[in-house]
Amino acid sequence: MTDTHSATGGDVRLSGISKTYGSFTAVHPLDLTVPQGSFFALLGASGCGKTTTLRMIAGLEEPTTGTVHLGDKDVTDLPPYKRPVNTVFQSYALFPHLNIYENVAFGLRRRGVKSVKKQVGDMLDLVQLGDKAGHKPHQLSGGQQQRVAVARALINHPQVLLLDEPLGALDLKLRRQMQLELKRIQTEVGITFVHVTHDQEEAMTMADTVAVMNGGRVEQLGAPADLYENPRTTFVANFLGTSNLIEAEVAEASSDITVTAGGGKLRLPADRCSADTRTGGKLLVGIRPEKISLAHADDASGIPLGRNKVTGRIVDTSFNGVSTQYVVDSPAGTALQVYEQNIERDSRLTPGAEVVLHWNPAHTFGLDAAQDIDAGVEKVEDAA
Ligand SMILES: Nc1ncnc2c1ncn2[C@@H]1O[C@H](COP(=O)(O)OP(=O)(O)O)[C@@H](O)[C@H]1O
Ligand SMILES: [Mg+2]
C-alpha cells in the first residue's frame with residue numbers, strides 16, 4: 001500500500017489540493033503521491049474531477065487550497081511552462097502544415113536546440129514511426145497521430161507526462177493496441193505517467209496504481225488486482241468490473257463471518273470485510289461473477305461441502321464466445337450475474353432452469369450496508 005502522505009520519494013505529490021467553482025466543489029481536498037517512474041491512472045466517470053486534478057498538476061488550473069510538489073520542488077505557484085511536465089490531450093492538435101519530423105522536433109527548436117536529428121530519430125523509433133518522418137499528420141491514422149503527440153511531448157524530457165483521455169477518440173480495437181503501446185513506451189522511458197480515463201479496463205490494463213475517483217474524491221487507491229479483488233466501497237465494486245452484492249445479516253463472527261441472506265447461510269473471511277461485523281448487523285456480501293460456478297439443481301448433491309450456495313432460477317443467458325453470462329434470480333438477490341467459461345456447456349442451463357450458484361467462501365468480500373448498493377453501476381444513458 002502506498003503511503004499517500006509520504007513527504008519524500010514521490011514524483012508528484014498533491015497535499016490537500018482542492019478546486020471549487022463558486023459554490024460547486026469539483027475536487028475535494030485530496031492527498032495523493034504518485035511514485036516516481038510509475039504508471040498512475042486517475043479513473044472515474046465523466047465529471048468526477050479527473051481533468052481538474054490533472055490541470056492543477058500541469059499548472060493550467062489554480063488550486064483553491066493545497067500544494068503541488070514535483071519531486072522535492074513546490075511548484076504550486078509556478079506557471080505551466082516552468083513546470084517539468086507535458087500534457088497529451090485527446091485532441092492531440094498536431095501542426096497540420098508541418099511533417100511528422102518537424103512536429104516532433106518542435107519543442108527542441110523552440111528551445112533553440114541546434115542539432116535535433118538524433119533526438120527526433122530516437123523519438124520516432126520509440127513510437128515506431130521512423131518511416132513516417134516525411135508524412136503530414138493527415139496522412140497518418142488516429143493511433144499514429146496520437147503516437148506523434150506522445151513523441152512530441154516526451155522529446156522535452158518532462159519529469160512527468162500527463163495524459164488526459166488520450167485514446168478517447170480511437171475505436172475500441174485501436175484503443176486496445178494503443179494501451180499496450182503506451183505501456184511499452186512508459187516502461188522504456190521510465191518517466192512517470194499520470195493517465196486520466198473513464199475506461200476501467202484501460203486503467204487496469206495500463207496502470208501500476210489506479211486511483212478511483214467519485215464526486216471529486218478518491219474512493220480507493222491501489223494496484224489493479226487489489227482494487228478488483230478487495231473493493232472497499234460499493235462504488236468501486238460496481239465501477240471496476242461487475243459485482244454481485246447481496247444484502248445480508250451477520251449471524252456469527254470470528255475469523256470467518258457467517259451471514260444469513262435470502263433464508264440461507266453464506267460465509268466470508270473476516271479480513272475481507274470493510275463493514276461492521278457485529279452479530280445482527282447488516283452487511284453487503286460481494287462476489288465477482290467469474291468466481292461463481294453454476295450447477296443444475298438436479299446435480300446439487302455433487303457440490304463439494306463448504307462452498308457458499310445460493311439457489312435460484314436462470315432468467316437470461318448470453319453467449320459471447322469465450323464465456324456465457326447468466327442472469328439468475330434468487331431469494332438472496334435478483335439479477336445475480338455469473339460468467340462461465342465455455343469449456344463444457346451444460347445444455348440444461350437455459351432460462352427457466354433451477355440452478356445452484358456456488359463458490360469458494362474465500363472469494364467473498366463484505367461491504368458496509370449503509371451505502372447505495374447501486375453506486376457506480378453503469379447506467380444506459382452513461383454508456384454513450
Ligand atoms: N471552469 C469551470 N467552471 C465551472 N465548473 C467547472 C469548470 N471546469 C470543470 N467544472 C466542473 O467540475 C466538475 C469536474 O470536471 P472535470 O474535472 O472536467 O471532470 P472529468 O475530467 O472527470 O470529466 C464537472 O462537474 C465540471 O462541470
Ligand atoms: Mg475530463
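Modeller: Helices H2 and H4 run roughly parallel to each other (an angle under 35 degrees), because they pack at an angle of about 30 degrees. This is a predicted model, in which local features need pLDDT of at least 70 and side-chain atom pairs 80 or more, while totals for chains, interfaces and linings use all residues. Residues are numbered from 1 along each chain, chains are lettered from A and ligands numbered from 1 as written, and side-chain values use heavy atoms, without hydrogens and water.

H2 covers residues 100–110 and H4 residues 142–154, both being DSSP runs (H or I, at least four residues; strands are E, at least two). Their axes, lines fitted to C-alpha atoms over the stretch in contact, lie 7 Å apart. The crossing is right-handed, the near helix being turned clockwise from the far one by less than a right angle.

Where H2 and H4 meet (heavy atoms within 4.5 Å), Ile100, Asn103 and Val104 of H2 face Val148, Ala151 and Arg152 of H4. By class, this contact has 4 nonpolar, 1 polar and 1 charged residues.

H2 and H4 also take part in lining the second largest pocket, as does strand E6 (85–89), each supplying at least two residues. E6 gives the most, with 5 residues. The lining counts 25 residues, and Val85, Asn86, Thr87, Arg110 and Asn156 lie nearest the centre of the pocket. The lining divides into 15 nonpolar, 6 polar and 4 charged residues.

Conventions: Axes fitted to C-alpha atoms, helices over the stretch in contact; angles between N-to-C directions. Parallel < 35°, antiparallel > 145°, perpendicular 65-115°, else oblique. Nonpolar A, V, L, I, M, F, W, Y, C, P; charged D, E, K, R; others polar. 1 Å grid on protein atoms, 1.4 Å probe; cavity = no way out; pocket = protein on both sides within 12 Å on 5 of 7 lines; lining within 4 Å.
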